Amino acid sequence: MGITVDRVASPGHIQSSQPKFKWQLEKTVALKIININNADDALHEKEFENHITKQHSAHRDRVILRTCMDDFEVSGPEGKHLCLVYEPMREPLWIFQTRFVDRKIPLPIAKAYIYFLLVGLNYLHSECKAVHTDLKLGNILINFENESILTDFIQRRQPMQYKVDNESGRHIYRCYNDFGPLDANHIKNMIPKLADFGLAARLDKLCPRNGIAGEQLGIYPIQPDYYRASEVILGCGWDSKADIWNFGVLLWNILGNKALFQQVHNTNGQYDAKSHAEMISLVGSPPEALLAKSKAMSEHNWPESVTNDTGALCNNAQEFFGGPFFNAKGQFCYNELIRPER
């Protein structure tokens, strides 16, 4: 598609654009302008979203995945910036929650959204053979309940707020993310969409599982701290089931506006994997087979080292997460962290 933008906007900013050809209608889009330091990550995001677009684009479940419509480059003082063009969305789910009493989405709406998101994940896993790896409230976006809301905003918009950077003298604009209260008459037209595939992984590009064609596993750490699956922490290798665990834990935030696991950081604010002992409190100790696999995998280093939150260069999951967490008898080494069942 051809889109020419009338000015450069801040990441995610909703922007009116002029049509490339006279017979085309003006279209409103959202821009994600990439910092040049993240150029490789942005290229991965673009290529991954192109991969999604090529898979059964007419499939009814495809609409739940928000992917870029177009892309272009702009030049700046430090180099070129990749710009990804997206369908404009109203807000992320964590802002959407603030529209309701006690930040709790009414159960009928929450149930419908959970269904939509599971449908989207199923399409991503089964049709695209891929894993999102980064499911959180900020990566679930809600569309506009009515096109007129967006149109009205554009027509009456005020100049964007900005500040001037003291060192460079550049204007830094503030993103606008408040489109007013919901219209209850149109809320049925609002659906959630899975977004931000910058950390997503294609299963066909992961490590073969026991040499079996089509059976793939990821080995490097993934997922937000609160939602990390046990097989990721133990270094057993992961696949699309890690997304399902991630989403299952996220349901506590969606339904009750609180985290299921609440003690995953130390006093310095760094992720502390052993504090995920809350898993043991809720579902019991890991199966022996999982612990055996963790031990076997820890004896082999990753192809490339990875730096963890403390700045240490790590060669396997045990080093990355500060393991081992279980002794030779399969007993957890930090029983004092296991809290009574909540």
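**Entry 1: a bridge partner.** I looked up Glu91 and found that its bridge partner in β8 is Ile142. I noted how strands get their names: helices (H or I, at least four residues) and strands (E, at least two) are DSSP runs, numbered from the N terminus. β6 and β8 (residues 140-142) pair in the antiparallel sense over two bridges. Two strands count as paired if DSSP finds at least two bridges between them.

I also wrote down what I am looking at. This is a predicted model, where local features need pLDDT of at least 70 and side-chain atom pairs count only at pLDDT 80 or more, while totals for chains, interfaces and linings use all residues. Residues are numbered from 1 along each chain as its sequence is written, and side-chain values use heavy atoms, with hydrogens and water left out.

**Entry 2: the sheet around β8.** I asked which strands join this sheet, and in what order. Three strands form an open sheet, ordered β6-β8-β11, and the pairing is antiparallel. The edge strands are β6 (91-92) and β11 (192-194), and each pairs on one side only. Helix α3 (residues 107-127) packs on this sheet and touches β8 and β11. Contact here means heavy atoms within 4.5 Å. The direction of α3 makes about 25° with that of β11. For such angles, axes are lines fitted to C-alpha atoms, for helices over the stretch in contact, and the angles run from 0 to 180 degrees between N-to-C directions.

**Entry 3: strand β5 and its partners.** I moved to β5 (79-86). β4 (residues 70-76) pairs with β5 in the antiparallel sense over seven bridges. A hairpin of two residues joins β4 to β5. Four bridges join β3 to β5, and these two also run antiparallel. Here Ala30 has Tyr86 of β5 as its bridge partner. I then checked cover: six of the eight residues of β5 are buried. Buried means under 20% relative accessible area, exposed means over 50%, and partly exposed lies in between (1.4 Å probe, protein chains only).

**Entry 4: helix α1.** I tested the length of α1 (residues 39-54). The expected span of a helix is 1.5 Å times one less than its number of residues. Ala42, Glu45, Phe48, Glu49, His51 and Ile52 are buried in α1. These buried residues pack against β3 (27-33), β5, α3, β7 (130-131) and β12 (201-202). Just after α1, His56 takes a positive phi of about 45°.

**Entry 5: salt bridges.** How many salt bridges does the structure hold? I found 13. A salt bridge is a side-chain nitrogen of Lys or Arg within 4 Å of a carboxyl oxygen of Asp or Glu.

I took Glu87 and Lys193 next: their closest N and O atoms are 3.1 Å apart. The pair links distant parts of the chain, 106 residues apart, with Glu87 in the loop between β5 and β6 and Lys193 in strand β11. Are these two buried or exposed? Glu87 is partly exposed at 28% relative accessible area, whereas Lys193 is buried at 7%.

Asp204 and Arg202 form a salt bridge at 2.9 Å between the closest N and O atoms. Asp204 is partly exposed at 46%, and Arg202 is partly exposed at 24%.

Lys295 and Glu299 meet at 3.2 Å, N to O. Lys295 is exposed at 55%, and Glu299 is exposed at 54%.

I also noted a network of salt bridges that links Lys32, Glu45 and Asp196. Glu45 is one of the buried residues of α1.

**Entry 6: cysteines.** I searched the whole structure for disulfides and found zero. A disulfide here is a pair of cysteine sulfur atoms within 2.5 Å. I looked at two cysteines anyway. Cys68 is buried at 10% relative accessibility, whereas Cys333 is partly exposed at 39%.
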